[in-house]
Amino acid sequence: MVFFDEVDAIAGDREESGDMENRVVAQLLSLMDGLESRGEVVVIGATNRVDAVDSALRRPGRFDREVEVGVPDRAGRREILDIHVRGTPLAEDVDLETLADRTHGFVGADLYALVTEAGMRALRRLRDADEEFSETQATVTQADFEQALAAVDPSAMRAVVAELPDTSFDDVGGLDDAKDALREAVEWPLTRRAYFDAADIDPPTGVLLHGPPGTGKTTLARAAAHESGVNVISVRGPELLDKYVGESEKAVREVFQRARQAAPAIVFFDEIDAVATTRGSSGDVGERVVSQLLTELDRASEDPNLAVIAATNRKDALDPALLRPGRLEKHIHVPTPDADARYEILRVHAQNKPLADDVDLDAIVSELDGFTGADIAAVVREAGMQAVRRAADAGDPPASVELTQTDFQQAIEDAESTGDRR
């Protein structure tokens, strides 16, 4: 068996290679043509850039079979973890099933690095405790794996911003209708697929969150990913644009390619109006990006493990072709919060703050008419800053910091003076 590792290094596309590379490819073609089928010599090539290999090699009689070694699914990750922890002393609280669920986008090398890093953290813990090493003490705990997860990035998603958000729907005040709609459109197709199969229906391909700025569209998308237990690939619209011809479309293709490799996953386009405005008004580059985005959304509709969420505060600026069924078909309005929603938002942001006894959340909410979720978060933050200034100027200990009703009143007045929210 002749094994060529990284075969693309010597067998690249001859149209893009130099004279030396062309001669190497020609020689390789001649030698492989001279091999008898099912003889005593077998040639195997490996590459992670299959499109870079010369097309003449990828035909019957040369490299007859192409086997894609993709990113492992949950069952594959569980089996790989079992192999790598065979000789590792695990504590009783280690849950490999949970680790397999949480390692979307991890390849075999990543899982090996995860186990190794968890073991190293266990050894460091013993060293810091100044305890003598023993086999009974050198156990790897679930906490070691949790810390290792933060240190090891999934290779299949390294080229894009991928994360498992820690924001849940409990951290989002109000917006109950939007939460329910997101659960049905995003979370259920990923976690309750059997019900959709039983009803013989396809879930929505994409979801569009639209509403005024600061109402929590981005937070809702992150919370939906957290509730689904999958990675979210965050893409800000302007990041896809490039001045060179073809690069913007390539960036869109790569985002969806990475998402498919690491499925189940959610692709989140924030400020999608920056790249998907109505064709005819966005210029040549914008039109090509929209066309590529439409193509990728059509392909995503065939993958039940891939969900697309987009957010904008300019729905009317989007190309109509994006908003039809089969693409961004589910439209969820995220409105300015009403009184009950404002109270829930204020409660969420103030729940861990050191509040004085005179703080009346109901009275504060009555002064927040017209404020969005971002505005309310800014009010709580400014009230906290005033409490910090007061304690620091008086030389009081940090434990004495308290947010008073006066701090909130002053923060609301400052917010009203810096912007017309009413």
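**Entry 1. Strand β4 and its neighbours**

I began with strand pairing and found that β4 and strand β7 (residues 306–312) run parallel and are joined by 5 bridges. I took strands as DSSP runs of E of at least two residues and helices as runs of H or I of at least four residues, numbered from the N terminus. I counted two strands as paired if DSSP finds at least two bridges between them. The model is a predicted one, in which local features need pLDDT of at least 70 and side-chain atom pairs count only at pLDDT 80 or more, while totals for chains, interfaces and linings use all residues. Residues are numbered from 1 along each chain as its sequence is written, and side-chain values use heavy atoms, with hydrogens and water left out.

Within this pairing, I noted Val 308 of β7 as the bridge partner of Gly 206. I then looked at strand β8 (residues 330–333), which pairs with β4 in the parallel sense over 4 bridges. There, Leu 208 stands opposite His 331 of β8.

I next asked how many residues of strand β4 (residues 206–210) are buried. I found 5 of the 5 buried, so β4 is largely enclosed by the rest of the structure. For burial I used relative accessible area: under 20% is buried, over 50% is exposed, and values in between are partly exposed (1.4 Å probe, protein chains only). Gly 206, Leu 208 and His 210 lie on one side of β4, Val 207 and Leu 209 on the other, and both faces are covered.

**Entry 2. Nonpolar cores**

I looked up the nonpolar cores, defined as sets of buried Ala, Val, Leu, Ile, Met, Phe, Trp, Tyr and Cys residues joined through side-chain atoms within 4.5 Å. The largest core has 28 residues, and those with the most contacts inside it are Leu 240, Phe 256, Phe 269, Ile 272 and Leu 293. Two or more residues each come from β5 (231–236), α9 (247–261), β6, α10 (283–300) and β7. I noted that α10 gives the largest share, 6 residues. A second, separate core holds 25 residues, including Ala 185, Leu 209, Ala 221 and Ile 332.

I listed the contacts of Ile 272, taking contact as heavy atoms within 4.5 Å. Leaving aside residues up to four places away in sequence, Ile 272 touches Leu 208, Leu 293, Ala 310, Ala 311, Thr 312, Leu 318 and Leu 328.

**Entry 3. Two helix pairs**

I examined helix α11 (residues 339–350) and helix α13 (residues 373–394), which pack at an angle of about 40° with their axes 10 Å apart. Axes are lines fitted to C-alpha atoms, for helices over the stretch in contact, and angles run from 0 to 180 degrees between N-to-C directions. α11 and α13 are therefore oblique to each other. Under 35 degrees would count as roughly parallel, over 145 as roughly antiparallel and 65 to 115 as roughly perpendicular, with the rest oblique. Arg 342, Ile 345, Leu 346 and His 349 of α11 meet Gly 373, Ile 376, Ala 377 and Val 380 of α13.

I then turned to helix α2 (residues 74–84) and helix α4 (residues 108–128), where the packing angle is about 45° and the axes are 10 Å apart. That makes α2 oblique to α4. I recorded Arg 77, Ile 80, Leu 81 and His 84 of α2 in contact with Gly 108, Leu 111, Tyr 112 and Val 115 of α4.

**Entry 4. Backbone at two glutamates**

I noted that Glu 6 has a positive phi of about 55° although it is not a glycine. Most residues other than glycine have a negative phi. Glu 6 lies in the loop between β1 (2–5) and α1 (19–33), and its relative accessibility of 39% makes it partly exposed.

Glu 271 also has a positive phi, of about 55°. I located Glu 271 in the loop between β6 and α10. Is Glu 271 buried or partly exposed? I recorded a relative accessible area of 33%, so Glu 271 is partly exposed.

**Entry 5. The chain overall**

I counted 14 helices and 8 strands in the protein chain. Of its 422 residues, 42% are buried.
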